[in-house]
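Hi,

Here is the model I promised to pass on.

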Number of protein chains: 2
Amino acid sequence: MKYSHKLSDAVHILAYIDIFQNEDFSSKAIADSIESNPSLIRRLMSSLSKAGLLITRSGSVSPRLSRPADQITLLDIYLAIDDSHELLHVDEKTNMNCPVGRNIQDTLNAAYDQVQQAAEESMKTIVLQDLIEDVLIREKNRNQ
Amino acid sequence: MKYSHKLSDAVHILAYIDIFQNEDFSSKAIADSIESNPSLIRRLMSSLSKAGLLITRSGSVSPRLSRPADQITLLDIYLAIDDSHELLHVDEKTNMNCPVGRNIQDTLNAAYDQVQQAAEESMKTIVLQDLIEDVLIREKNRNQ
DNA sequence: CTAGGTGTTACTTTTTAAGTAACTGTTATT
DNA sequence: AATAACAGTTACTTAAAAAGTAACACCTAG
């Protein structure tokens with residue numbers, strides 16, 4: 001998942017919606033906070049909504065979390081916006097005429113699965129509520 | 001680290017060298033097994049060598065592991081070929097005029113560090129020797 | 001001394017993801 | 001009902017990243 005910051009933006013959206021209760025939640029306003037563009041925000045929100053994390057209405061500016069922020073984990077968000085679910089990637093083009101080339105893919109897939117599991121377990125322990133509180137604490141510290 | 005398979009290729013190289021003792025270890029021969037090209041192999045081998053995992057000689061076809069395969073972990077290899085050491089990535093362009101935008105980066109970096117730690121701990125438990133044995137077992141099963 | 005290899009750098013191509021635009025259909029408001 | 005604004009979606013463009021390739025200086029073994 002090199003270079004992609006979709007997960008970061010998705011967390012940003014959810015945190016934004018939870019923090020600024022009853023403010024402007026148009027895709028335009030959120031895009032402004034992320035310094036991105038509304039269309040991209042709408043796509044991410046669509047993924048979050050399909051994954052059941054966000055409740056939206058089609059022509060209406062009224063997104064809200066589908067459940068309390070302490071019941072949404074980083075893993076939930078990751079699974080919502082990433083469809084490969086692979087942090088590491090096997091080289092799918094190896095020489096099948098070589099004993100190593102024709103077996104290494106399966107070997108590595110098994111190994112990478114294990115690493116993936118560990119990463120996902122860790123994501124599961126990180127809750128949106130914690131992230132939001134961390135943002136608020138950092139903001140408070142700035143103002144002192 | 002989407003799409004990148006440098007780690008996979010690096011493991012492939014090391015496994016290849018350990019399995020085929022005293023055979024042709026020219027970058028051309030190894031490239032043939034990976035179905036890649038010699039220059040790329042030489043670059044990866046250079047990284048592995050700089051990280052102290054591989055011993056090479058400049059004009060000579062004589063690469064060998066610097067220590068036994070059971071003393072080389074997947075983490076060693078990962079650290080050797082990846083210099084960002086980040087499986088997840090923060091969006092570095094957020095709006096500093098927004099309370100969320102100006103703090104979320106630090107918040108996410110801390111969270112991602114935790115996930116990275118978990119992934120690396122898992123990589124540490126996977127040893128090159130295990131991967132090689134797995135390849136050989138798979139090959140043996142094919143021939144039955 | 002020469003043929004063939006390594007190590008390295010620069011460059012090109014391919015792939016991926018972000019960014020953008022456009023359009024349909026829904027909602028809220030008057 | 002009309003309309004203005006927005007969500008949801010698709011298609012397309014641009015930018016970024018990684019793989020692939022070529023070239024070359026230097027080293028080594030025969």
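Which residue in S2(A) is the bridge partner of Arg57(A)? It is Ser60(A). Before the rest, some housekeeping: this is a predicted model, where local features need pLDDT of at least 70 and side-chain atom pairs count only at pLDDT 80 or more, while totals for chains, interfaces and linings use all residues. Residues are numbered from 1 along each chain as its sequence is written, chains are lettered from A and ligands numbered from 1 in the order in which they are written, and side-chain values use heavy atoms, with hydrogens and water left out.

Strand S1 (residues 54–57) and strand S2 (residues 60–65) of chain A run antiparallel and are joined by 3 bridges; two strands pair if DSSP finds at least two bridges between them. Helices (H or I, at least four residues) and strands (E, at least two) are DSSP runs, numbered from the N terminus. There are 2 residues between S1(A) and S2(A) in the hairpin. Further along, Ile55(A) stands opposite Arg64(A) in S2(A).

Now the two chains together. Chain A superposes on chain B by a rotation of 180 degrees with 0.0 Å of shift along the axis, at an RMSD of 0.1 Å. The two copies are thus related as by a two-fold rotation axis.

One place to look at between the chains is Glu139(A), in helix H6 (residues 128–142) of chain A. With a relative accessible area of 12%, Glu139(A) is buried (buried means under 20% relative accessible area, exposed over 50%, partly exposed in between, with a 1.4 Å probe and protein chains only). Leaving aside neighbours within four places in sequence, Glu139(A) is in contact with Pro99(B), Arg102(B) and Asn103(B), contact meaning heavy atoms within 4.5 Å. Its side chain also makes a polar contact of 2.7 Å with the side chain of Asn103(B). A polar contact here is a pair of N or O atoms within 3.5 Å; within protein, one must be able to donate a hydrogen and the other to accept it, and residues adjacent in sequence count only if both atoms are side-chain atoms.

Ile41(B), Leu44(B), Met45(B) and Leu48(B) are buried in H3(B). They cover an arc of only 100 degrees around the axis, which puts them on the same side of H3(B); the arc is that of the directions from the helix axis to the C-beta atoms. On the face turned away from that buried side sit the exposed residues Arg43(B) and Lys50(B). The cover over the buried residues of H3(B) includes helix H1 (6–19), H2, S1, S2 and helix H4 (74–81) of chain B. Just after H3(B), Gly52(B) takes a positive phi of about 80 degrees.

Not counting residues up to four places away in sequence, Ser27(B) touches Pro38(B), Ile41(B) and Arg42(B). The side chains of Ser27(B) and Arg42(B) are joined by a polar contact of 3.0 Å.

Most residues other than glycine have a negative phi. Glu35(B), though, has a positive phi near 60 degrees; this residue lies in the loop between H2 and H3 of chain B and is partly exposed at 37% relative accessibility. His85(A) is not a glycine either and has a positive phi of about 55 degrees. His85(A) is in the loop between helix H4 (74–81) and helix H5 (104–125) of chain A, partly exposed at 29%.

Cheers

Notes
Least-squares fit on C-alpha atoms with pLDDT ≥ 70 in both.
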